Amino acid sequence: MTDTSMPLTNTVKRIIIVGGGTAGWLTACHLGHKLQQDGNLNQEIILIESPNIPTIGVGEGTVPSIVASLNKLGIKEADLIQCADATFKQSVKFVDWKKKESNESHYYHHVFDHPNSDKEALIRQWVSNKNINNSFVDMISNQGQVCDQHLAPKLITTPEFKGAMGYAYHFDAIKLAGLLTKHATSKFNVKHIKSELVDTKFSDNGYIRSITLKNKQALDADLFIDCTGFSSLLLGEKLQVEFIDKQSILFTDRAITTQIPTNSLLNSIPSCTLATAKSAGWIWDIGLSNRRGIGYVYSSSHTSKQQAQDDFLSYLRPSLSQKIEDVEFREIEFKVGYRKFAWSKNCVAIGLSQGFVEPLEATGILMIDDAAKALCELLPTHVNQYEIAAKKYNKIIRYQWDRIIDFIKLHYYLSDRDDNDFWRQNKQHDTMPESLLEMLTLWDTRIPSEYDFSSRHEVFYRINYLYILYGMGKRPKNLVFNDKQSAEIERKIIEIEKNLLLQREYLFNQLESNNLLISKIKKYGLQRI
Amino acid sequence: MNSPSIKLSNNQFVYLNKQSHGNIRFTPQINIDVLKKEQIVPLVINEFIPVATQNPIVFVKDNQTGQFRAVALYGLKSEQNLMIKNDTWQSIYLPKAVRNKYFKLIENTESAGEYLLTCRIDDPAFNQKDGEPLFEQNGKESPFLKKIQEDLLSYLHQQEITQHFFTLLLELELLTPQSLSVETPQKTYNIDGVYLIDENRLNTLADKDTIKLKQANMLPAIYAHIVSKAHILTLASRANEL
């Protein structure tokens, strides 16, 4: 028998996180929680936050996986609403992603409701029958209509983190980071140092040995987590890990953003993100309890700065109560893509330092959360096991970035808009990832299958693709089912449709508006049970 | 869906004053027609023991606020009150929430901690002929009205203690949601949205937590609730007699 174990040296004793935005603090919470669960008292986590570098904090949308994470970390749902201005999000509503037909705007919902398998008959029915009046989402779920009515996904009597339907949040990312700071330092004993990184020292093997701070403090650690945002100070700058640019696939590289204060008592808060397509990109519109966060993500190769501003203003104007001169705008430049390795030597990048794509499907916080969870699971106890763990980690993270890029690209590819080269070029095959083209070739004549999504670490699954493909009206061609519509199937379909209708009546009857529920939660909180 | 819910009354409460209400008299009465349709009635904690001798005490969430409330359960389905037979109340104890329906204290918005007395002046219980006078000839509040105010203040105090009771139960994770399924020879009733005290959890509570409950004087209420659950069967047999 051979002994495959290597001599274990250098147990992991100290982890330093550099950067204190959503990425830094969410990672600190996940790691802190993990150490606490393991009863590990020999490791410490230090987070270095620069008091001078502002948090970018535009990531405001999330997807349902965040609900389970926050619950696991022991955060109170009512605190998100009371301290981070959170509102409930149940869908992304895509507006004008198809050409206007006789001046009618097209829209569809990518909802968070995952219908159970008995809806399969309805999916087949919708796909094979072009004469159905219902939109795809309305055929299998009530959530699109719940969103259109600005209703909340739960009741004041529903326990925290549970809903009548799946949901996520919109929140103020800076305030969320504040909430996570308090949680990580008080519940998980994470040490918080407010200073700036000024120098990095390396060991002979290229591992980071220590960092020096502006306050002259030098700190060594076994693992360094780079949450320094776009600058990617450790992984990108110090370790020189290459950035893989994906602009040839996703063209957007600028955003112009603003915030408009609202009065939640007067303004209705949508319970979905609005994503409205424009000539060289799209506009996000997110309602928090005290303000709307709005931004135009566009491609600087396809429109001028002036034109982008004009397009943005014409979107804003109808809903502005103050003078347009009083609205403050921020310009952000970004590069779409990711670092070739998220983990190199003893440094892991999480957040913008790891990669970025436009926030069309709220993948920013999603990837932070996923990358932090994966790190907790894969982080070895000994430093000389890092290389193997990093290999696994990098494979998963890269796979996830590629799938996110596929999924975002799909939204553009399906569009029939032709008002700008931006849209025309998005449909050219040489801008398409091979993996997406292959899937679309298959889905040209069949419904996507669960087997098309075989990894256990997919970011988007079959149902997400169905909502986008069929929301955009991309039915498979020449699809003939040999179901022969037996009386039995027909009975079943009628039965399911009846249940959906009953559920809708119940929901419309019981659910309150998003703002009413938010204001109630601010006052009364939510029960744990 | 059959979840018991506390009903809000639409009747308007008005502030009482001697100028407008000097001649008004009040006849205490129970509005049987309303009570007949009340499946549950809210309780405060010092009512648990008298209620527990004849009726189940369970916990529900207030539809409007999500806060926990203690209630006496009088029926197995919505709008059913099995404790009323031939228009008469069948139980020894009548909860204060039923008796107090005509008067309510409202906090003075201009002076915190001070309460103003209001009543449902439009109700036929108030008139100029029969019953107890609210004010005396000289315009002073009558002893009857004073007694009502005292009762209402003590009720408010009991409501606060009841809320503290729930804070402790939740902190110690003693509440558990439970669907009640009550079988009678004719039919099975399912009641959702009900919470009970988890007896297993109570019995395995750390000593320091049990002492906490004892010191807060919550143990009698907890055991009253546990004993009262047996009366769910009493309700079943009453339903069977219908």
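The following legends describe close-up views of a predicted model. Local features require pLDDT of at least 70 and side-chain atom pairs pLDDT 80 or more, whereas totals for chains, interfaces and linings use all residues. Residues are numbered from 1 along each chain as written, chains are lettered from A in the order in which they are written, and side-chain values use heavy atoms, without hydrogens or water.

**View 1. The buried side of helix 2 of chain A (residues 65-73).** The buried residues (under 20% relative accessible area, 1.4 Å probe, protein chains only; exposed is over 50%, partly exposed in between) are Ile66(A), Val67(A), Ser69(A), Leu70(A) and Leu73(A). Because they cover an arc of only 165 degrees around the axis, they lie on the same side of the helix; the arc is taken from the directions from the helix axis to the C-beta atoms. Helices (H or I, at least four residues) and strands (E, at least two) are DSSP runs, numbered from the N terminus. The buried residues of helix 2 pack against helix 1 (22-38), helix 3 (77-83), strand 6 (168-170), helix 7 (173-187) and helix 10 (363-378) of chain A. Gly74(A), with a positive phi near 85 degrees, follows helix 2.

**View 2. Tyr169(A) in the largest nonpolar core.** Such a core is a set of buried Ala, Val, Leu, Ile, Met, Phe, Trp, Tyr and Cys residues joined through side-chain atoms within 4.5 Å. The largest has 149 residues, and Tyr169(A) is among those with the most contacts inside it. Helix 11 (residues 386-413) of chain A contributes the largest share of this core, 13 residues. Leaving aside neighbours within four places in sequence, the contacts of Tyr169(A) (heavy atoms within 4.5 Å) include Ile66(A), Val67(A) and Leu70(A).

View 3. Thr65(B) counts as buried because its relative accessibility is 10%. Its side chain reaches the backbone nitrogen of Gln67(B) at 3.1 Å. Not counting residues up to four places away in sequence, Thr65(B) touches Ile156(A) and Tyr524(A).

**View 4. The salt bridge between Lys229(B) and Glu199(B).** A salt bridge is a side-chain nitrogen of Lys or Arg within 4 Å of a carboxyl oxygen of Asp or Glu; here the N to O distance is 2.8 Å. Lys229(B) lies in the loop between helix 8 (219-228) and helix 9 (231-241) of chain B, and Glu199(B) in helix 6 (residues 199-203), 30 residues apart. Lys229(B) is buried at 18% relative accessible area, while Glu199(B) is partly exposed at 34%.

Key. A polar contact is a pair of N or O atoms within 3.5 Å; within protein, one must be able to donate a hydrogen and the other to accept it, and residues adjacent in sequence count only if both atoms are side-chain atoms.
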